[in-house]
Amino acid sequence: MSAIRQDIREAALRVQAGLSPTAAYSTPTTYEAGLLTESGAEVSTSGTGYARRTLASSGFFAVGDSPLGNKWVTNTGTIRFPASGAATASWGAIKHVALWEPGESEPLFIFSRDDTESVLTGGSYTVAPDDLQLLDNII
């Protein structure tokens, strides 16, 4: 990633974190990915088998070309919820995937999915490579 694109990305992350665009900000070494229902609430962790997934901030995302010729940042790996096994209770209708800084309650980015997918007891939810994309004019 070019230095200017990295600066723009970090400024966007500072704003998302509630800081001034010029405030000191260090890109975290990891992010947490999680699932939000149609209502925008995160899936419950109480007896459901759901937990946020930890992702490395380097190596898991890459800059690529969009179909329209723009650049975008996209996930290069698969994210599976739960990490292993299956849901132990219904998670409801999943509509969004969100990224958080570790331990934070407010997400940095929310990716809306085209369709909802219900996760029932015994099921799982998978985010395929290239499913999460930010255009470079956003980052």
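This is a predicted model: local features need pLDDT of at least 70, side-chain atom pairs count only at pLDDT 80 or more; totals for chains, interfaces and linings use all residues.
Y50 sits in the loop between β1 and β2, whereas F81 belongs to strand β5 (residues 79-81), so the pair ties together parts of the chain that are 31 residues apart in sequence. Both partners are shielded from the surface: Y50 is buried, with a relative accessible area of 3%, and F81 is buried as well, at a relative accessible area of 0%.

Y50 also takes part in the pair with W91. Here the ring centres lie 5.4 Å apart and the planes stand at 80 degrees, so the arrangement is edge-to-face. This pair, too, links distant parts of the chain, with Y50 in the loop between β1 and β2 and W91 in the loop between β5 and β6 (92-100), 41 residues apart. W91 counts as buried because its relative accessibility is 4%, under the 20% limit for that class. Taken together, Y50, F81 and W91 form one aromatic cluster.

Like Y50, which lies in the loop between β1 and β2, R52 is found in the loop between β1 (30-37) and β2 (53-56). R52 is partly exposed, with a relative accessible area of 24%, whereas Y50 is buried. The value for R52 falls between the limits of 20% and 50%, and therefore the residue is classed as neither buried nor exposed.

The contacts of R52 reach to several places in the sequence. Leaving aside neighbours within four places in sequence, R52 is in contact with E32, A33, G34, E42, W100, E104 and S105. The side chains of R52 and E32 are joined by a polar contact of 2.8 Å, and a polar atom of the R52 side chain lies 3.1 Å from the backbone oxygen of E104.

W100 meets R52 in another way: R52 lies over the face of the W100 ring, at 3.6 Å from the ring centre.

Methods. Residues are numbered from 1 along each chain as its sequence is written. Side-chain values use heavy atoms; hydrogens and water are left out. Helices (H or I, at least four residues) and strands (E, at least two) are DSSP runs, numbered from the N terminus. Buried means under 20% relative accessible area, exposed over 50%, partly exposed in between (1.4 Å probe, protein chains only). Contact means heavy atoms within 4.5 Å. A polar contact is a pair of N or O atoms within 3.5 Å; within protein, one must be able to donate a hydrogen and the other to accept it, and residues adjacent in sequence count only if both atoms are side-chain atoms. Rings of Phe, Tyr and Trp (its six-membered ring) pair if their centres lie within 6.5 Å; planes under 30 degrees apart count as stacked, over 60 as edge-to-face and the rest as tilted. A charge sits over a ring if NZ of Lys or CZ of Arg is within 6 Å of the ring centre and within 35 degrees of the ring normal.
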